[in-house]
Amino acid sequence: MNSSVSSHSIGHQEIERLVTLFYRKVREDRQLGPLFHEVLLSEEAWSQHNDRMVSFWRSVMCGEGWYKGNPKKVHMELEPFDLMLFEHWLVLFEESTRELFSQEISALFMNKSRAIAAVLKATLKRVR
Ligand code: HEM
């Protein structure tokens, strides 16, 4: 792969900008917002969520970061929601990557996020 489009172009700062922009959209989103507001009850909780997501994406994209969580378990413990919302999550995420990055970098994020979304969705489908 050409190094200009490899994950080497993605660092802590890029991921922090992406996570901040994406969750700003999520918070204001009519469909996704309420699902997050149900569990993230304070500004501090949102800020911790942001930090966790930065670390999650650093580990996914760069093999760095302290993230050691269990996303399957965390999503299984949410109030059941319409699994079609994964499509909407991906649309907002893609919109965010496109606002910040080149098409190549955006595609790197989208390949990962689509794969993870598929795993999460299949897990939730199984337990319902
Ligand atoms: C409709 C789809 C989704 C909904 C409604 C959703 C909702 C949430 C909520 C409410 C939390 C906070 C949970 C808490 O702090 O108790 C969370 C955490 C998280 N989400 Fe999602 N999510 C969705 C899709 C995704 C996707 C596609 C990914 C990855 C590509 C993802 C990755 C994560 C991770 C890594 C966490 C942190 C887990 C932890 O605490 O260790 N989510 N999600």
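I started at the ligand and found that α6 gives the most to the shell around it, with four residues. Helices here are DSSP runs (H or I, at least four residues), strands are runs of E with at least two, and both are numbered from the N terminus.

**Ground rules**

I noted that residues are numbered from 1 along each chain as its sequence is written. I also noted that this is a predicted model, where local features need pLDDT of at least 70, side-chain atom pairs count only at pLDDT 80 or more, and totals for chains, interfaces and linings use all residues.

**Entry: the ligand shell**

I looked up which residues surround the ligand. There are 20 of them, and the closest are Gly69, Leu85, Trp89, Ile116 and Ala117. I then sorted the shell by type: 15 nonpolar, four polar and one charged. In this sorting, Ala, Val, Leu, Ile, Met, Phe, Trp, Tyr, Cys and Pro count as nonpolar, Asp, Glu, Lys and Arg as charged, and the others, Gly among them, as polar.

**Entry: the whole chain**

I went through the elements next. The chain has six helices and zero strands. Its radius of gyration is 15 Å, close to the 14 Å that the globule rule gives for 128 residues, so the chain is as compact as a globular protein of that length. The radius is taken over C-alpha atoms, and the rule is 2.2 Å times the number of residues to the power 0.38. Along its principal axes, the C-alpha trace spans about 40 × 30 × 30 Å.

How much of the chain is buried? Buried residues make up 10% of the 128 residues. A residue is buried if 20 or more other C-beta atoms lie within 10 Å of its own, exposed if 12 or fewer, and partly exposed in between, with C-beta atoms placed from the backbone.

**Entry: the core**

I listed the largest nonpolar core. It has eight residues: Ile15, Leu18, Val19, Phe22, Tyr23, Val26, Trp57 and Phe93. Such a core is a set of buried Ala, Val, Leu, Ile, Met, Phe, Trp, Tyr and Cys residues joined through C-beta atoms within 7 Å. Helix α1 (residues 12-28) gives the most to this core, with six residues.

Not counting residues up to four places away in sequence, isoleucine 15 touches Ile10, Val54, Trp57, Arg58 and Met61. Contact means that the two C-beta atoms, placed from the backbone, lie within 7 Å.

I found alanine 117 in helix α6.

Methionine 76 lies in helix α4. Methionine 76 is partly exposed, with 15 other C-beta atoms within 10 Å. Leaving out residues up to four places away in sequence, methionine 76 touches Thr123, Leu124 and Val127. From methionine 76 to alanine 117 I noted 41 residues in sequence and 13 Å in space, C-alpha to C-alpha.

Notes: Near = placed C-beta within 6 Å.
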